[in-house]
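Have a look at the sequence and the 3D view, and then we'll walk through them together.

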Amino acid sequence: MAVDELTLDDLTPSRVTGPCKVGKILAKLSDTERGMVETALAGPKEQYPHAKIATALSKRVWPVSDHAVSDHRSGACVCGR
Ligand SMILES: [Zn+2]
């Protein structure tokens, strides 16, 4: 898409819609499951690599990339704002 084809409507979704994919998954889980995922997200990356969490969430709810997990973990996603 060329820059001059961009409208303000194209800019709004990524700014105002939240939470991110990982946050949406967390919202769908039970309290127990969410607690397990949050423990993993807060844990050391050596023990809970992004890819491991992404795979677990992908199997349980819907496909999510390890990049999305990384962003959510570091607070770079919309959830952290
Ligand atoms: Zn997030």
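## Starting at Arg-60

Find Arg-60 first: you'll see that it sits in helix 4. Keep in mind that you're looking at a predicted model. Is Arg-60 buried, exposed or partly exposed? With 13 other C-beta atoms within 10 Å, Arg-60 counts as partly exposed, because that label covers anything between the 12 or fewer of an exposed residue and the 20 or more of a buried one.

Now look for Leu-29. Arg-60 and Leu-29 are 31 residues apart along the chain, yet 9.1 Å is what separates their C-alpha atoms.

## The overall layout

Zoom out, and you'll count five helices and zero strands. Written out along the sequence, that gives the pattern α-α-α-α-α.

The protein has 81 residues, and 16% of them are buried. Take the contacts between residues at least 6 apart in sequence: 54% of those join residues at least 24 apart.

## One face of helix 4

Back to helix 4. Which of its residues are buried? They are Ile-53, Ala-54 and Leu-57. Looking down the axis of helix 4, you'd find these buried residues within an arc of 100°, so they line one face of the helix. Here's a handy bit of background: an α-helix has 3.6 residues a turn, so residues three or four places apart point the same way.

And what covers those buried residues? Helix 2, helix 3 and helix 5 are among the elements that do.

## The nonpolar core

The largest nonpolar core has nine residues: Cys-20, Val-22, Ile-25, Ile-53, Ala-54, Leu-57, Val-64, Ala-68 and Val-69.

Leaving aside residues up to four places away in sequence, Val-64 touches Lys-21, Val-22, Ile-25, Ala-54, Leu-57, Ser-58 and Val-69.

## Where helix 4 meets helix 5

How do helix 4 and helix 5 pack? Their axes are 8 Å apart and the angle is about 110°, which means helix 4 runs roughly perpendicular to helix 5. The crossing of the two is right-handed.

On the helix 4 side, the contact is made by His-50, Ala-51, Ile-53 and Ala-54. Helix 5 brings Asp-66, Val-69, Ser-70 and Arg-73.

Notes
Residues numbered from 1 in each chain as written. Predicted model: local features only at pLDDT ≥ 70, side-chain atom pairs only at ≥ 80, totals over all residues. Core = buried A, V, L, I, M, F, W, Y, C linked by C-beta atoms within 7 Å. Contact = placed C-beta atoms within 7 Å. Helix = DSSP H or I, 4+ residues; strand = E, 2+ residues; numbered from the N terminus. Arc of directions from axis to C-beta. Axes fitted to C-alpha atoms, helices over the stretch in contact; angles between N-to-C directions. Parallel < 35°, antiparallel > 145°, perpendicular 65-115°, else oblique. Left-handed = near helix turned anticlockwise from the far one by under 90°.
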